[in-house]
Amino acid sequence: MNRNELPHPWQPSRRTFLKAALGAAGALSTAGLLSGCTSGVDPHVITLGSRLSDKNAKLGVQDVVGMFQQQTGGAVRINSVDSTSFQENVNNYLQGTPDDVFTWMSGYRMKYFADKGLVDDVSSVWQAHGSGFSDSFREASTGTDGQQYLIPFFYYPWAVFYRPSLWQQRGYAPPKTFDEWVTLSKRMQADGLTPIGFGVRDGWPPFGTFDYLDLRLNGVDFHRSLLAGDVSWTDNRVRSVFDTWREILPFHQPQPLGRKMSEAQQALLNKEVGMLVAGMFVAQSFPAGPDREDLDFFAFPELDSAVGTSAVEAPMDGFMMRKDPRNLGGAQQFLSFLTGADAAVAYAKQDPQAIPAHRDADLSSFPPLVQKSAALVQGAGSITQFLDRDTRPDFASVVMIPAMQQFLGNPNDVDGLVRSIERQKAAVFGQ
């Protein structure tokens, strides 16, 4: 791998947050792209700000709103903004005249706005209607003050995806351990097939591999402590993560810094690579029908039998309520509706990446891939949210994205890498 391979600086994508700390609100050059749609709106109408802007996602939101309006007689006005613009301008948006309810993410992404007092808690909705969510989802929806600030709606697990038809043709079998994964990768290379798809130009995709390697080597408690800033990045356990990753880098698509995740997904679709570490969003790149039906996954392999594979990376999205909503009663009514299984099922029928968060969601009519994904998460011993949701947003974007690029450009200098991360972490976390 070329240590000088840094031709494309990372560009914000649908899952990255602000390029710098969110406090630098005035520095955003596209601040006018996102604003609430409350001006001149009937006070009885509920306004919804949505970052679910992909074609299928928008259809899902429309279906959910339609269900709500039909069942309750309430009126909802949707303010749909492309996801990147929403994320880059959400800080200004919430300090202006935001919509009554808006779509957002769990973890630190949620806690940041709760701590800043920019959103209202939805604990009363949880108390009345939250029994359909797991303790893990409740934890991911809870702020530092112990109140709930997010209504879970859907999640999408990360795993290792592959095309069964290709594997059956070649006689491959899903590996259960890291050693089996390495053996399989060597066999794929011998067969002239690139084993692992890899595209990191978007910035965030390498987080999935890092998270799983850390979870499988060091366990979920260490992983959470590391991302919370409580463990030094120079710890030998962190070095072991990068050392293990370096061992499998030769099996990845070359020159990943110039390739988008969508291109890596396309390579999987075209059977140019054997597998891909990704979230369920990979299904959005597969056309409905035979191609999407020819998509499967296996859990990220085991590295230490004492640690096992019970931890699953499954980022969760949901709905939050602005501070002092213009239509408080309507917002609470809409959020209560969103806690029902039927609403999440209606959305998931349109968005192939989404698994309903409600434990009673009827998935019997969904494809086997969706049912298998739900079973993976429901059977998890612990659930993590993804690095850029499990740590401070500024640390993820300002420190860790460049650090991942540095590692992939020069994987042999792990010592220099972790020392650099630790110095920057101390500045970000104030330690």
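A charge is taken to sit over a ring if NZ of Lys or CZ of Arg is within 6 Å of the ring centre and within 35 degrees of the ring normal. In the structure, which is a predicted model, local features need pLDDT of at least 70 and side-chain atom pairs count only at pLDDT 80 or more, whereas totals for chains, interfaces and linings use all residues. Residues are numbered from 1 along each chain as its sequence is written, and side-chain values use heavy atoms, with hydrogens and water left out.

Under the charge criterion, the charged end of lysine 111 is placed over the ring of tyrosine 108, 6.0 Å from its centre. Lysine 372 likewise lies over the face of phenylalanine 297, where the distance from the ring centre is 4.7 Å.

A pair of aromatic rings is described by the distance of the centres and the angle of the planes. Rings of Phe, Tyr and Trp (its six-membered ring) were paired if their centres lie within 6.5 Å, with planes under 30 degrees apart counted as stacked, over 60 as edge-to-face and the rest as tilted. A search of the whole structure on this basis finds 35 aromatic pairs. One of these is the tilted pair of phenylalanine 137 and tyrosine 155, with 5.4 Å centre to centre and 45° between the planes. Phenylalanine 137 belongs to helix H5 (residues 135-140) and tyrosine 155 to strand E5 (residues 151-155), so that the pair links distant parts of the chain, 18 residues apart, where helices (H or I, at least four residues) and strands (E, at least two) are DSSP runs numbered from the N terminus. With buried defined as under 20% relative accessible area, exposed as over 50% and partly exposed as in between (1.4 Å probe, protein chains only), phenylalanine 137 is buried at 4% and tyrosine 155 is buried at 2%.

Tryptophan 158 and tryptophan 204 form an edge-to-face pair, 6.3 Å centre to centre and with 85° between the planes. Because tryptophan 158 lies in strand E6 (residues 158-162) and tryptophan 204 in the loop between strand E7 (194-197) and helix H8 (206-227), the pair ties together parts that are 46 residues apart in sequence. Both partners are buried, tryptophan 158 at 0% relative accessibility and tryptophan 204 at 3%. Ring pairs also link Phe68, Phe153, Phe154, Phe319, Phe334, Phe337 and Tyr347 into a cluster.

Helix H16 (residues 393-409) and helix H17 (residues 414-429) pack at an angle of about 170°, and their axes are 10 Å apart; axes are lines fitted to C-alpha atoms, for helices over the stretch in contact, and angles run from 0 to 180 degrees between N-to-C directions. H16 is therefore roughly antiparallel to H17, a term for angles over 145 degrees. Contact, meaning heavy atoms within 4.5 Å, involves residues including Phe395, Val398 and Phe407 of H16 and Leu417, Ile421 and Val428 of H17.

Phenylalanine 178, found in helix H7 (residues 178-190), is buried at 5% relative accessibility. Apart from its neighbours within four places in sequence, phenylalanine 178 is in contact with Thr244, Glu247, Ile248, Pro301, Glu302 and Leu303.

Although not a glycine, glutamine 255 has a positive phi of about 50°; it is found in the loop between helix H9 (236-248) and helix H10 (261-269) and is exposed at 57% relative accessibility. Aspartate 324, also not a glycine, has a positive phi of about 50°, and its place is in the loop between strand E11 (316-322) and helix H12 (328-338), where aspartate 324 is exposed at 55% relative accessibility.

Key:
Angles under 35 degrees count as roughly parallel, over 145 as roughly antiparallel, 65 to 115 as roughly perpendicular and the rest as oblique.
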